[in-house]
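Please keep the sequence and the structure open while reading.

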Amino acid sequence: MSPVAQPVNPTFVGAIDQGTTSTRFIIFNNRGEVVAVHQIEFEQIYPNPGWHEHNPEELVSSVEQCIDGAVEAFEKQGHSRDQIKAVGITNQRETTVVWDKTTGKALHNAIVWTDTRSQDLVRKLKHRLGAKELTERCGLPLSTYPSASKLLWLLENVPEVKAAYDSGVLAFGTVDTWLAYKLNGATAREIYVSDPSNASRTMFMNLQTLDYDDELVDWFRLDREKIKLPKIVRSSDPEAYGSLASTSLKGIKITGCLGDQSAALVGQKGFTPGQAKNTYGTGCFLLYNVGDKPVISTHGLLSTVAFDFGPGKRMYALEGSIAVAGSSVKFLVDNLGFIESSSKLSTLAETVEDNGGVTFVTAFSGLFAPYWIDDARGTLFGITAYTQRGHIARATLEATCFQTKAILDSMAKDSGKSLAELAVDGGMCNSDLIMQTQSDLIGIPVNRPAMRETTALGAAIAAGLAVGVWSDFKELDDVNIDGRTLFKPQIDAAVADKRFERWEKAVEMSKGWAS
Ligand SMILES: Nc1ncnc2c1ncn2[C@@H]1O[C@H](COP(=O)(O)OP(=O)(O)O)[C@@H](O)[C@H]1O
Ligand SMILES: O=P(O)(O)OC[C@H](O)CO
């Protein structure tokens, strides 16, 4: 990338963005501009239908390579690495890693958040006394999505994991915890921490106390004598996350940590109640800042921690989680060979005028919010001899937009308010067609920033706030405001409603396939 004109006396912050399909390291200046970036895709492992794994060591090495690559590009612009004041981590959430704390070695591949192997286990758990009361405490529904059922599956099915648990040496973590542990040198320093936006995705954390809840852990029949959980610390902290033990940034402190969806909210500067963002990455996640107290949804949304930057700066969010978004685009590219790259999806979709009567319920991992249908699977409706690849491409991109509409309807019911505008980011939002379709279906403007690395920016903000690169939210007022694009609705609400009705019918008909 071409060098960015730097502010006077610039300082810089690095952000590790460990997502579901790729890892990035981005160096931002104190105006929140991207100065250097390095990105790597890593292996997606699908051992059985519905299973999805990552190699935990590859996640770490991808981070290390990205740091080195970005620092090299940064120094080529004449900067020096000691101008980088701190590093933040943001990561795919819920994905579960287990390791032996005496060796620092992973005991199994990471089970990715999309993985549905714990479906039978979850069905049984739903019959256990108290199952219905879990959500009020932890904000999440009992499903294959949070980390809890993934950990239970590992304990039931992998003898090495059970043996480590029985002998008290099992460590469990979401990706933030694993990365902080390994990047600090693993057993050499034993940094074993998580922030509330990540810990709130396990089902073990109490939303009110921001600490583990013994009753929740007991309910899952885990013995805390045998498994010590990572300490929950603030999302922005000058000491708790340690420092990089290797790479070209050896010695630089890690001072910020946020789950990727929380980081995107921070990167969009959704600091005040009523602000929302929708991130179209591998999945798609809408977070709505509800203020300093959690709101428990009665319409299929999750309640989660937005960020914890200390007293007065601790916020909760209502979340609408869509399991399949950009991954459906990748599916058309990688599995079906429809197009050569994700960025061409829109071009293919534009070869036809509409979806030609096709609806694609992309329930590859069941349907998440607001439906929570475990036993749905991907289903194409309305195929005829008329159907072209372009129609299926259009139906694919529309699926995420329809689910976003369903989530916004639920959010309006839970919060009593409707959004005036939707801020967006994530890989899929690069497509103008998708963003226009989204605005048409929800009937409000969609606001896309020019700088779309909002997730990494959020991690940089968390890290920078801890070391004084920015002293408060006010100082971020001018960050990431230039060059935004507004997509305004171009169809009648009645037409949008009719399309949505058809989608809801398809959702209804997709139920039960995997039962
Ligand atoms: N122009 C595009 N149109 C549609 N989908 C896209 C486009 N560019 C990227 N994507 C999709 O976005 C996803 C990557 O987005 P990203 O925000 O990097 O995700 P993650 O953080 O989950 O790795 C991929 O699944 C890809 O298919
Ligand atoms: O990889 P993403 O950006 O789709 O995000 C993954 C989420 O954190 C899963 O909850």
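## Ligand shell

By class, the shell around ligand 1 in this predicted model is made up of three nonpolar, 13 polar and two charged residues. There are 18 residues around ligand 1, and those that come nearest are Thr21, Arg24, Thr282, Ser342 and Gly427. In terms of secondary structure, β2 (22-29) and α10 (326-334) each supply at least two residues of this shell, and the largest share, four residues, comes from α10.

The space that ligand 1 takes is the largest pocket.

## Polar contacts and burial

Which atoms of the protein approach the oxygen atoms of ligand 1? In the side chain of Thr21, an N or O atom is 2.7 Å from an oxygen atom of ligand 1, while for Arg24 a polar side-chain atom lies 2.4 Å from an oxygen atom of the ligand. Gly326 takes part through its backbone, where an N or O atom lies 3.0 Å from an oxygen atom of ligand 1. Taken alone, ligand 1 exposes 580 Å², of which the protein buries 86%.

Strands of a sheet pair through backbone hydrogen bonds, and the pairing may be parallel or antiparallel. Here three strands form an open sheet in the order β7-β6-β9, with antiparallel pairing. Because β7 (105-106) and β9 (170-173) stand at the edges and each has a single partner strand, one side of each is left without a neighbour in the sheet.

The pairing of β6 (residues 97-100) with β7 runs in the antiparallel sense over two bridges, and Trp99 stands opposite Ala106 in β7.

## Backbone exceptions

Most residues other than glycine have a negative phi, and most peptide bonds are trans.

Note on methods:
Residues numbered from 1 in each chain as written. Chains lettered and ligands numbered in written order. Predicted model: local features only at pLDDT ≥ 70, side-chain atom pairs only at ≥ 80, totals over all residues. Heavy atoms only, no water. Near = heavy atom within 4 Å. Polar contact = N/O pair within 3.5 Å; in protein donor to acceptor, adjacent residues only side chain to side chain. Areas by Shrake-Rupley, 256 points an atom, 1.4 Å probe, with all protein chains shown as cover. 1 Å grid on protein atoms, 1.4 Å probe; cavity = no way out; pocket = protein on both sides within 12 Å on 5 of 7 lines; lining within 4 Å. Sits in = over half its atoms within 2 Å of the grid points. Nonpolar A, V, L, I, M, F, W, Y, C, P; charged D, E, K, R; others polar. Pairing = 2+ DSSP bridges.
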